[in-house]
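Here is a short report for a reader new to this structure. Please look over the sequence and the model before reading on.

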Amino acid sequence: MITSLPPWQERLVEQLSAQFANHRLAQTLLFDYEKGAAVETLSNYLVRLILCQSHTAKYTPCGHCHSCHMLESESHSDFYSLAPKGQSIGVDDVRLLQDWSVQKPTHGHGKVALIEQSHKLTPSAANALLKMLEEPKENTYFILLKPLQSSLLTTIISRAQRWVIHSPSPTQALDLLQQWYPDIHLERLQLALHWLDGPTECAEFFNNNGEDELSKFTQAVEGLNQHDIDPIAQQLEKSPDKLSWLGQIIIDSLQNHFHKRDHICPLLTQLTQNQLIDAWQMFVQLREKLAQHPALNFSLQVYPLLSYLNQPESNRAD
Ligand SMILES: [Zn+2]
């Protein structure tokens with residue numbers, strides 16, 4: 001759990017803390033977030049704020065009390081986390097939340113339920129949740145998260161106090177990553193931000209061996225430049241999600257033909273502008289096909305694009 005608060009959320013947290021200190025915090029909060037906004041740091045902070053048993057003078061969670069420790073070790077019984085299993089949050093999951101919500105708090109005065117990706121509630125699950133929100137138990141808070149512009153039952157939205165959580169500027173995001181990962185090279189941090197949504201997504205990535213993944217992938221792209229298709233094929237077969245990285249590399253390589261500038265990511269240097277345009281079209285078609293038919297053999301489908309990217313310079317058409 002990342003607990004340090006990013007600077008672009010400090011003002012918002014001040015407002016929420018003041019409401020909480022004055023017993024005016026809404027029991028249902030909806031955080032409508034932009035991509036890469038690091039909404040998890042905000043919701044985690046608020047959970048700790050509500051459940052902390054010994055707030056500091058400035059009304060921040062202390063980090064030392066029994067509650068703070070239990071949250072840190074993810075074992076707090078007055079905190080409930082609900083997230084989609086697969087594609088949706090079903091009504092049975094909301095019923096379990098309902099059972100939890102009627103119990104008295106075990107450790108202090110308050111309880112908090114965090115509902116991630118609340119736009120994935122099925123209609124019956126959303127209705128069941130609405131009933132709970134209409135008659136909340138005292139000191140029980142519901143924090144709902146959903147991406148901006150995704151939809152949610154309007155009667156739930158109107159019950160909630162809604163906040164839009166904006167994403168940081170590229171400089172703010174990079175500063176934060178540098179604070180979190182002082183030992184990782186700046187170029188690697190920049191590249192991760194370039195390929196992933198935002199700082200918390202990068203953090204999850206780096207905590208799961210991401211630095212190594214970046215090295216392997218950039219080496220595989222270099223291999224493609226030297227007409228060795230196997231490393232990139234193996235990388236993609238192992239993690240098909242990285243296809244989006246390859247798409248980004250095609251776009252960056254194409255842009256490099258228009259404005260030459262320092263690039264943080266490896267480029268497909270052996271292809272001409274027209275070949276890169278063709279490659280981009282192949283990539284877009286492939287992405288759509290795979291999205292529509294997830295059961296297709298990924299390696300087989302991706303091979304034509306890879307072999308196109310791998311063509312020798314003598315094939316240059318222009
Ligand atoms: Zn505490």
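## A loop residue

H259 sits in the loop between α12 (243–258) and α13 (273–292). Helices (H or I, at least four residues) and strands (E, at least two) are DSSP runs, numbered from the N terminus. H259 counts as partly exposed, at 47% relative accessibility. Buried means under 20% relative accessible area, exposed over 50%, and partly exposed in between (1.4 Å probe, protein chains only). H259 and D78 are 181 residues apart in sequence. In space, C-alpha to C-alpha, H259 and D78 are 55 Å apart.

This is a predicted model, in which local features need pLDDT of at least 70 and side-chain atom pairs count only at pLDDT 80 or more, while totals for chains, interfaces and linings use all residues. Residues are numbered from 1 along each chain as its sequence is written, and side-chain values use heavy atoms, with hydrogens and water left out.

## The whole chain

The protein chain holds 14 helices and 5 strands. Its C-alpha trace spans about 75 × 40 × 30 Å along the principal axes. Of the 318 residues in the protein chain, 45% are buried. Contact means heavy atoms within 4.5 Å. Among contacts between residues at least 6 apart in sequence, 69% join residues at least 24 apart.

The domain assignment gives domain 1 (7–165), domain 2 (168–208) and domain 3 (211–315). Such bounds come from an automatic or database domain assignment. The centres of domain 1 and domain 3, taken over C-alpha atoms, are separated by 40 Å.

## The sheet

In what order do the 5 strands of the open sheet lie? The order is β2-β3-β4-β1-β5, and the pairing is parallel. β2 (79–82) and β5 (161–165) are the edge strands, and each pairs on one side only. Neighbouring strands of this sheet are turned by 15° against each other on average, direction ignored. Two strands pair if DSSP finds at least two bridges between them. β2 and β3 (residues 111–115) run parallel and are joined by 4 bridges. S81 has L114 in β3 as its bridge partner. Helix α1 (residues 10–21) packs on the sheet and touches β1 (28–33), β4 (140–147) and β5. The direction of α1 makes about 160° with that of β5. Axes are lines fitted to C-alpha atoms, for helices over the stretch in contact, and angles run from 0 to 180 degrees between N-to-C directions.

F79 stands opposite V112 in β3. β3 is largely enclosed by the rest of the structure, because 5 of its 5 residues are buried. K111, A113 and I115 point one way from β3, and V112 and L114 point the other way. In a regular strand the side chains alternate between the two faces of the sheet.

## The zinc site

Which residues coordinate the zinc ion? They are C52 (SG), C62 (SG), C65 (SG) and C68 (SG), at 2.3 to 2.4 Å. Donors are N, O and S atoms within 2.8 Å of the metal (3.2 Å for Na, K and Ca); water is not among the atoms, so sites may look incomplete. In sequence the donor residues are spaced C-x9-C-x2-C-x2-C. C65 is buried, with a relative accessible area of 11%. C68 also counts as buried, at 5% relative accessibility.

The site is tetrahedral, with angles of 103 to 117° among its 4 donor atoms. Four donors count as tetrahedral if all angles lie between 85 and 135 degrees.

## After the α14 helix

N310 is in the segment after α14 (298–309). N310 counts as buried, because its relative accessibility is 15%. Leaving aside neighbours within four places in sequence, N310 is in contact with L224, H227, D228, I229 and Q270.

Technical notes:
Four donors count as tetrahedral if all angles lie between 85 and 135 degrees; four count as square planar and six as octahedral if opposite donors are over 155 degrees apart and all others between 65 and 115; anything else is irregular.
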